[in-house]
Amino acid sequence: MKKVLIIVSIIFLIFAFFINTSVKATQVIDEETQSKLVEIKESQAQTLEDYKQKYGSDAYGLTAYILHIIQIYSIPFCFLGIAVGAVHKYVIGIRKLDTLEKGLGLMVTFTVLLIICQILPLAFAVFIRFGRG
């Protein structure tokens with residue numbers, strides 16, 4: 001009985017998602033929002049062109065731009081992961097030792113990921129600057 005209920009719930013959620021998406025797609029965007037979106041798009045395109053010009057190649061410029069975006073968005077993502085790991089270690093892990101180890105693993109993983117994401121653009125720039133000759 002539980003399996004049937006879970007399957008029906010999943011199917012219902014999938015249909016609700018597709019119906020909601022189609023409703024959002026047909027809504028009209030007001031002009032202020034549209035102008036802001038165009039402005040953001042143009043500024044990002046200009047930033048990409050600046051990276052391409054700085055590195056002297058489309059491939060290197062695109063790679064540097066992507067690494068810069070990853071560097072920016074990895075900070076809140078990794079801090080959220082570290083916070084979840086801390087909750088698992090210090091709050092839930094008091095009663096369950098396996099959760100304590102899971103929390104420590106999450107904290108270490110997200111800390112290493114944060115360090116890698118912050119250093120990778122610098123390493124790429126140094127490699128391109130001195131490694132390309």
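**Close-up 1. Glu49 and Lys52 pair up in a salt bridge.** Their closest N and O atoms are 4.0 Å apart; a salt bridge here is a side-chain nitrogen of Lys or Arg within 4 Å of a carboxyl oxygen of Asp or Glu. Both residues sit in helix α2, 3 residues apart, about one turn of the helix. Helices are DSSP runs (H or I, at least four residues), numbered from the N terminus. Glu49 counts as partly exposed because its relative accessible area is 44%. The cut-offs are under 20% for buried and over 50% for exposed, with partly exposed in between (1.4 Å probe, protein chains only). Keep in mind that this is a predicted model: local features need pLDDT of at least 70, side-chain atom pairs count only at pLDDT 80 or more, and totals for chains, interfaces and linings use all residues. Residues are numbered from 1 along each chain as its sequence is written, and side-chain values use heavy atoms, leaving out hydrogens and water.

**Close-up 2. Glu32 and Lys36 meet through their side chains in a salt bridge.** The N to O distance is 3.6 Å. Glu32 is exposed at 52% relative accessibility, while Lys36 is partly exposed at 49%. A search of the whole structure turns up 2 salt bridges.

**Close-up 3. Ring pairs tie Tyr51, Tyr55, Tyr60, Tyr65 and Phe124 into a cluster.** Rings of Phe, Tyr and Trp (its six-membered ring) pair if their centres lie within 6.5 Å; planes under 30 degrees apart are stacked, over 60 edge-to-face, and the rest tilted. By this rule there are 5 aromatic pairs. Take Tyr51 and Tyr55: their ring centres are 6.5 Å apart and their planes at 15°, so this pair is stacked. Both belong to helix α2 (residues 31-55), 4 residues apart. Tyr51 is buried at 17% relative accessibility, and Tyr55 is buried at 11%.

**Close-up 4. Thr99 is tucked away as a buried residue of helix α4.** The helix covers residues 97-131, and the relative accessible area of Thr99 is 12%. Leaving aside residues up to four places away in sequence, Thr99 touches His88, Lys89, Ile92 and Gly93. Contact means heavy atoms within 4.5 Å.

**Close-up 5. Ile6, Ile10, Ile14, Phe17 and Phe18 make a nonpolar patch on the surface.** Patch residues have over 30% relative accessible area and no salt bridge, with nonpolar side chains (Val, Leu, Ile, Met, Phe, Trp, Tyr) joined within 5 Å and like charges within 9 Å. Ile14 belongs to helix α1 (residues 2-26) and is partly exposed at 42%.

Methods: Areas by Shrake-Rupley, 256 points an atom, 1.4 Å probe, with all protein chains shown as cover. Helix = DSSP H or I, 4+ residues; strand = E, 2+ residues; numbered from the N terminus.
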